[in-house]
Amino acid sequence: MSFPDGFVWGVSTSAFQIEGATREGGRGVSVWDTFCATPGKIRDGANADIACDHYNRFPEDVALMSDLGVDAYRFSVAWPRIQPTGRGGVNVEGLDFYDNLVDALCEAGIAPVATLYHWDTPQPLEDDGGWLTRDTAERFAEYAAIVGERLSDRVEMWIPLNEPMVVTLFGYALGEYAPGRALLFDALPAAHFQNLAHGLAVGALRATGAKAVGTANNHSPIWPAADIAEDRQAARHLDAVINWMYADPVLTGTYPEEVIPYLPTGFADDLSAIAAPLDFYGVNYYEPQGVAKPVDGNPLPFVLRPIEGYPVTTNDSPVVPDGLRQFLGTIANRYGDALPPVHITESGCSFDGVDDRQRIEYHTEHLAALEKAIAEGVDVRGYFVWSLLDNFEWSKGYQPRFGLVHVDYDTLVRTPKDSYHWYRDLIRGTR
């Protein structure tokens, strides 16, 4: 494989999925702690109280990354570790943990890439309205400033929010993720206030001297089930809700017309803040999404349809590498010069076993698609594998395994998989 000089090879994780230690170090309660404690929400009644115990074992995990040879590690900061109630006083012990992690990465020659929010809202903020209120966006900016003041001298790249679409759709619209609300289109103010939080955080981070600030949005090509007008119209609605409701305001200061009726009063006044200039644009890619016209009794203007004819992961996701190339071409055409350099901030798959040749095939094929996108003119500068470790996979508990490193959840022993060794060889071969 051939990639541009300086191309960044990385791995990604998130705090709630790997840290554990949910009652250690002064950490407050998050919406995901509450959701996990609600019967019937998580497969097998699992929780993340221990997870991979990264909080206590991070030196071991940094050593694994050093051996892997990655250029960068994308981790997330747990908001409840820094501000247990989401506002007010700072938990110094929480800041110290991330300070020590960043120091360890720098000593290992690995660039720290910090995500400030990967879905773990402090529960007291959710009790006061969560992402349906402007106040949460303003509190988030204060939190961003706190972390930036402590870490901006060493963190190389900053991502304010990870995948606000997932929080909006699965957390507020459908209730399948924390905080478990089921508001359908009445959830869309949560998208706007997350977008606002992003924009305010960009300004707050730059004020602390942050080196590079971007984003990490989940994106999927939307495929109509049939080439008919009704399915194409359904695809336009879903495209707006999944993709353009997050990319358009950040990159162009506008919203797609399909979502404007559902936005909060005065949303237009926030657009200039949301569209703060970025140093990079992060794309998290996993799969396309099929869609068809609505059916009687369905309150939504579309119905989701499975993507058929492709292999699937143990998480029931279709493996469609060319979807990555397609989507990168779409955003390059849609935004032109308004699109900053792109990083693939997540891509990965769930397969079992240490002998995980299917994961190797997944990444080999997706990187080949990425090569084509670059050859077609898209400025892509990095690829972050999801994930370094097997981890807590939200409502599905510990069953799906996305890691390059196997974790025995009883002993917490880490075992590099075949894909780990493949990725290490790939990185070495590009240098």
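In which loop does Pro179 lie? Pro179 is placed in the loop between α8 and α9, where helices (H or I, at least four residues) and strands (E, at least two) are DSSP runs numbered from the N terminus. The structure is a predicted model, in which local features need pLDDT of at least 70 and side-chain atom pairs count only at pLDDT 80 or more, while totals for chains, interfaces and linings use all residues. Residues are numbered from 1 along each chain as its sequence is written, and side-chain values use heavy atoms, with hydrogens and water left out.

The peptide bond that joins Ala178 and Pro179 is cis, with omega at about 10 degrees. A cis peptide bond also runs from Trp386 to Ser387, and its omega is near 10 degrees. Ser387 belongs to the loop between β11 (380-386) and β12 (405-407). Trp394 is likewise found in the loop between β11 and β12. The phi angle of Trp394 is near 55 degrees, a positive value in a residue other than glycine. Trp394 counts as buried at 2% relative accessibility; buried means under 20% relative accessible area, exposed over 50%, and partly exposed in between (1.4 Å probe, protein chains only).

A positive phi, near 55 degrees, is also found at Asp53, a residue other than glycine. Asp53 lies in the loop between α2 and α3 and, at 13% relative accessibility, counts as buried. The loop between α2 (31-36) and α3 (54-68) also holds Cys52. Cys52 is buried, with a relative accessible area of 0%. With residues up to four places away in sequence not counted, Cys52 touches Gln17, Ile18, Arg57, Leu389, Asp390, Asn391, Val407, Tyr409, Leu412 and Arg414, where contact means heavy atoms within 4.5 Å. From C-alpha to C-alpha, Cys52 and Ala204 are 31 Å apart in space, and they are 152 residues apart in sequence.

Ala204 takes part in the packing of two helices, α7 and α9. The axes of helix α7 (residues 134-151) and helix α9 (residues 188-207) come within 8 Å and cross at roughly 30 degrees. Axes are lines fitted to C-alpha atoms, for helices over the stretch in contact, and angles run from 0 to 180 degrees between N-to-C directions. The angle makes α7 roughly parallel to α9; angles under 35 degrees count as roughly parallel, over 145 as roughly antiparallel, 65 to 115 as roughly perpendicular and the rest as oblique. The crossing of α7 and α9 is right-handed, a crossing being right-handed if the near helix is turned clockwise from the far one by less than a right angle, and left-handed if anticlockwise. On the α7 side the contact includes Arg134, Phe140 and Gly148, and on the α9 side it includes Phe193, Leu200 and Ala204. The contact of α7 with α9 comprises 12 nonpolar, 1 polar and 2 charged residues. In this division Ala, Val, Leu, Ile, Met, Phe, Trp, Tyr, Cys and Pro count as nonpolar, Asp, Glu, Lys and Arg as charged, and the others, Gly among them, as polar.

The axes of helix α8 (residues 164-173) and α10 come within 9 Å and cross at roughly 140 degrees, which makes α8 oblique to α10. This crossing of α8 and α10 is right-handed. Pro164, Met165 and Thr168 of α8 meet Val241, Ile242 and Tyr246 of α10, and these residues divide into 5 nonpolar, 1 polar and no charged. For α10 and helix α12 (residues 322-335), the packing angle is about 40 degrees and the axes are 12 Å apart. That angle makes α10 oblique to α12. The crossing of α10 and α12 is right-handed. Its contact is made by residues including Trp244 and Leu251 of α10 and Phe327 and Tyr335 of α12; by class there are 6 nonpolar, 3 polar and 2 charged residues.

The largest nonpolar core has 140 residues, and those with the most contacts inside it are Trp32, Trp131, Leu328 and Tyr423. A nonpolar core is a set of buried Ala, Val, Leu, Ile, Met, Phe, Trp, Tyr and Cys residues joined through side-chain atoms within 4.5 Å. Helix α10 (residues 229-252) supplies the largest share of this core, 12 residues. Another core, of 9 residues, lies apart from it, with Val8, Val113, Ala212 and Ala216 among its members. Leu328, when its neighbours within four places in sequence are left aside, is in contact with Val283, Val342, Ile344, Leu370, Ala373, Val378 and Val380.
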